[in-house]
Amino acid sequence: MQLTCPVCKSLLNKQDRNLRCENNHSFDAARQGYWNLLLAHKKRSKDPGDNAEMVQARRQFLDQGYYQPLSDSINRLATEALADTKQANILDMGCGEGYYTSRLFDALPDSIEPSLLGLDISKHAVKAACQRSKEITWLVASGADIPLPEHSLDLQLVLFSRLMPEAFAKPMKPGASLLIAWPGENHLIELRRLIYKEIRESHFDPVQTLSEHFQLQQQETVSYDFSLESSEQISTLLAMTPHSQRLSSEAKAEICQQEKLELTLDVNLGLFTRI
Ligand SMILES: C[S@@+](CC[C@H](N)C(=O)[O-])C[C@H]1O[C@@H](n2cnc3c(N)ncnc32)[C@H](O)[C@@H]1O
Ligand SMILES: [Zn+2]
């Protein structure tokens, strides 16, 4: 799949470990193998996206396999969405450290020839993702300005990340699929009860948010219980969730003292079609 220049939007041509556009804007591959297409002046902070500690915690937690059934459901829906596609251009937008991206690559049937891209604004996340697979193209870039030509994607995944409907629609072919994951009302409810006095209902409505560019095809909920059996596992989960940033170190220590925590996974998956 060809990438576009973040400066002038023309196509980038690859030569060995370099990408260059017709206007001579040039980008070298990072040592780990990813492309950094995030322009310094477009960054809102010096080190945007998830920090190294959150990335490390997410990797450690996901590698223990508690979310594997969720990842399997994502792969099933993605494969169904690509049923009639032989050569599939796929983007995992906000891919994080690449757990779901690399499992999707491994799960796709032989009938599909994938060109798979993982994009995240966090260089810590993308560096970690590079260790998962050399067959996936990893990009540091912004989801607000995806460096792909218009109408190039057959499938885009957005898992637990903020929705930017217009920016996401732009690189997708008309009729292409968007697969999103977002937490249900009971997701990790036991942990949230330990953190918050009052659990607020989420009013997140992706169907409404996406309605201008996408139409819902199918929605399902993945829901099951799992249990963490040590304070170390509990602190790893806490460190990868956004909740931990709202806690004092005393409160964190108190939660992490527990030796066991029974938890609910409750995640919604929505498959949309780009109008
Ligand atoms: C909750 S994490 C989810 C990561 C991964 N999809 C997963 O489920 O393991 C959200 C990710 O979005 C990334 N992110 C935040 N803002 C972004 C943006 N504007 N463009 C691209 N990625 C962004 C963060 O760096 C982080 O890795
Ligand atoms: Zn250029």
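How many bridges join S5 to S6, and do the two strands run parallel or antiparallel? The two strands run parallel, and 7 bridges join them. Helices (H or I, at least four residues) and strands (E, at least two) are DSSP runs, numbered from the N terminus, and two strands pair if DSSP finds at least two bridges between them. The model is predicted, with local features needing pLDDT of at least 70 and side-chain atom pairs counting only at pLDDT 80 or more, while totals for chains, interfaces and linings use all residues. Residues are numbered from 1 along each chain as its sequence is written, and chains are lettered from A and ligands numbered from 1 in the order in which they are written.

Strands S5 and S6 belong to an open sheet of 8 strands with mixed pairing, in the order S4-S7-S6-S5-S8-S9-S11-S10. Strand S4 (35-36) and strand S10 (214-228) stand at the edges; each has a single partner strand, so one side of each is left without a neighbour in the sheet. A helix also packs on this sheet: H4 (residues 123-130) touches S4, S6 and S7, and its direction makes about 165° with that of S7. Angles of this kind run from 0 to 180 degrees between N-to-C directions, with axes being lines fitted to C-alpha atoms, for helices over the stretch in contact. Strand S6 (residues 113-120) is joined by 4 bridges to strand S7 (residues 137-140), and these two run parallel. In this pair, Asp120 stands opposite Val140 in S7. As for burial, 6 of the 7 residues of S5 are buried, so S5 is largely enclosed by the rest of the structure. Here a residue is buried if 20 or more other C-beta atoms lie within 10 Å of its own, exposed if 12 or fewer, and partly exposed in between, with C-beta atoms placed from the backbone.

The helices come next. Helix H1 (residues 52-62) packs with H4 at an angle of about 35°, the axes lying 8 Å apart. Ala52, Val55 and Arg59 of H1 make the contact with His124, Ala125 and Ala128 of H4; two residues are in contact if their C-beta atoms, placed from the backbone, lie within 7 Å. By class, this contact has 4 nonpolar, 1 polar and 1 charged residues. In that scheme Ala, Val, Leu, Ile, Met, Phe, Trp, Tyr, Cys and Pro count as nonpolar, Asp, Glu, Lys and Arg as charged, and the others, Gly among them, as polar.

Within H1, the buried residues are Met54, Val55, Ala57, Arg58, Arg59, Phe61 and Leu62. Their cover includes helix H3 (99-107), H4 and helix H8 (231-240). In H3, Tyr99, Tyr100, Thr101, Ser102 and Leu104 are buried, and what covers them includes H1, H2, S5, S6, H4 and S8. Helix H8 has Ile234, Thr236, Leu237, Leu238 and Met240 as its buried residues, which pack against H1, S10, helix H9 (249-256) and strand S11 (261-274).

Ligand 1 has 18 residues around it, of which Gly49, Gly94, Gly96, Ser122 and Gly143 come nearest. A residue is near a molecule if its C-beta atom, placed from the backbone, lies within 6 Å of it. The shell divides into 8 nonpolar, 7 polar and 3 charged residues.

A few individual residues complete the picture. Pro206 is found in helix H7 (residues 206-210) and is buried, with 20 other C-beta atoms within 10 Å. Leaving aside residues up to four places away in sequence, Pro206 touches Leu163, Ile180, Trp182 and Gly270. Ala83, in the loop between helix H2 (68-81) and strand S5 (87-93), is exposed, with 9 other C-beta atoms within 10 Å. The C-alpha atoms of Ala83 and Pro109 are separated by 9.8 Å, although the two are 26 residues apart along the chain.

Two residues other than glycine have a positive phi. Asp16, with phi near 50°, lies in the loop between strand S1 (13-15) and strand S2 (18-20) and is exposed, with 7 other C-beta atoms within 10 Å. Phe160 has a phi of about 60° and lies in the loop between strand S8 (153-159) and helix H5 (165-169); with 16 C-beta neighbours inside 10 Å, Phe160 counts as partly exposed.
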